[in-house]
Amino acid sequence: MRIDIITVLPELIKSPFEASILKRAIEKGLVEVHFHNLRDYTTNKQKSVDDYQFGGGAGMVMNIQPIDDCIAKLKDERDYDEIIYMTPDGETLNQNMANGMSLLKNIIILCGHYKGVDQRVRDHFITREISIGDYVLSGGELGAAILCDSIIRLIPGVLSNETSALTDSFQDNLLSPPIYTRPADYKGWKVPEILLSGNFPKIEEWREQKAYEHTKNRRPDLLEE
Ligand code: ADE
């Protein structure tokens, strides 16, 4: 998979890809992530990438020209499955969407900044708009990092034990059951006996039951879906 991230602040989004699972996924060649600084594409003398809103109003709007040129250059080089715009009014990211996107070959992610992008960018270039939740961030970069993390860890071969993605919360619309590690008794707080029994079918049954109860208590909406 190849991900091209278009941003005015590449320094804000690079570090999550330089550690742990994402770093290893890149090193293993399972995903390529490229950053494109919009300022490198602007044709105006001041190198500005934003301007005042037509009609008045607070906040700057990102210009269409550098975004058009950057996307056009990328599209000349390869086909893209999706051109995503990070915005609080997009569809809210969930595990189902991440699963689907982990199967794509090439995607572009455009990070909004200031008030956002000129509407014509959304009308003519963007194929999907994604929010990471009902709150407003200063820009799309942190959201894009979260989106990338949720997708990349699902690419086959990225997690050393593939089943660990399959048992994540939200996979199959269930939250994860409780987990424990050594010691089995800490200050009298004991690990459930069943987990020490070695009876794996029974352990699996216990985990399913706990996952169901946990989901019912915390997120009954998931069971309705
Ligand atoms: N940009 C600003 N807020 C955002 C959000 N909640 N999700 C995605 N991108 C954003």
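**Exercise 1.** How do the residues of the lining of the largest pocket divide into nonpolar, polar and charged?

*Solution.* The model is predicted.

Step 1. Start with the pocket itself: the volume of the largest pocket is about 410 Å³.

Step 2. Find its centre. The lining has 14 residues, and T167, D168, S176, P177 and R207 are the closest to the centre.

Step 3. Assign the lining to elements. Helix α7, residues 200-218, gives the largest share, four residues.

Step 4. Sort by class. The lining holds six nonpolar, three polar and five charged residues.

**Exercise 2.** Work out which polar backbone atoms face nitrogen atoms of the ligand, and how much of the ligand the protein buries.

*Solution.* Apply a cut-off of 3.5 Å between N or O atoms.

Step 1. Take Y135. One of its backbone N or O atoms is 2.7 Å from a ligand nitrogen.

Step 2. Take L137. A polar backbone atom there lies 3.0 Å from a nitrogen of the ligand.

Step 3. Take T87. Its polar backbone atom sits 3.3 Å from a ligand nitrogen.

Step 4. Turn to area. Alone, the ligand exposes 260 Å², and the protein buries 96% of that.

**Exercise 3.** Describe the shell around the ligand by element and by residue class.

*Solution.* 

Step 1. List the surroundings. Among them are M86, T87, P88, I130, S131, Y135 and L137.

Step 2. Two or more residues come from each of β5 (82-92) and β7 (128-131). The largest share, three residues, belongs to β5.

Step 3. Count classes. The shell has seven nonpolar and five polar residues, and no charged ones.

Conventions:
Residues are numbered from 1 along each chain as its sequence is written. This is a predicted model: local features need pLDDT of at least 70, side-chain atom pairs count only at pLDDT 80 or more; totals for chains, interfaces and linings use all residues. Side-chain values use heavy atoms; hydrogens and water are left out. A residue is near a molecule or strand if one of its heavy atoms lies within 4 Å of it. A polar contact is a pair of N or O atoms within 3.5 Å; within protein, one must be able to donate a hydrogen and the other to accept it, and residues adjacent in sequence count only if both atoms are side-chain atoms. Accessible areas come from the Shrake-Rupley method with a 1.4 Å probe; for residues, only the protein chains shown count as cover. Ala, Val, Leu, Ile, Met, Phe, Trp, Tyr, Cys and Pro count as nonpolar, Asp, Glu, Lys and Arg as charged, and the others, Gly among them, as polar. On a 1 Å grid over the protein atoms alone, a cavity is a set of points where a 1.4 Å probe fits but cannot get out, and a pocket is an open set with protein on both sides within 12 Å along at least five of seven lines; lining residues have an atom within 4 Å of a point. Grid points are joined across faces, edges and corners, and a volume is the space filled by probe spheres set on the points.
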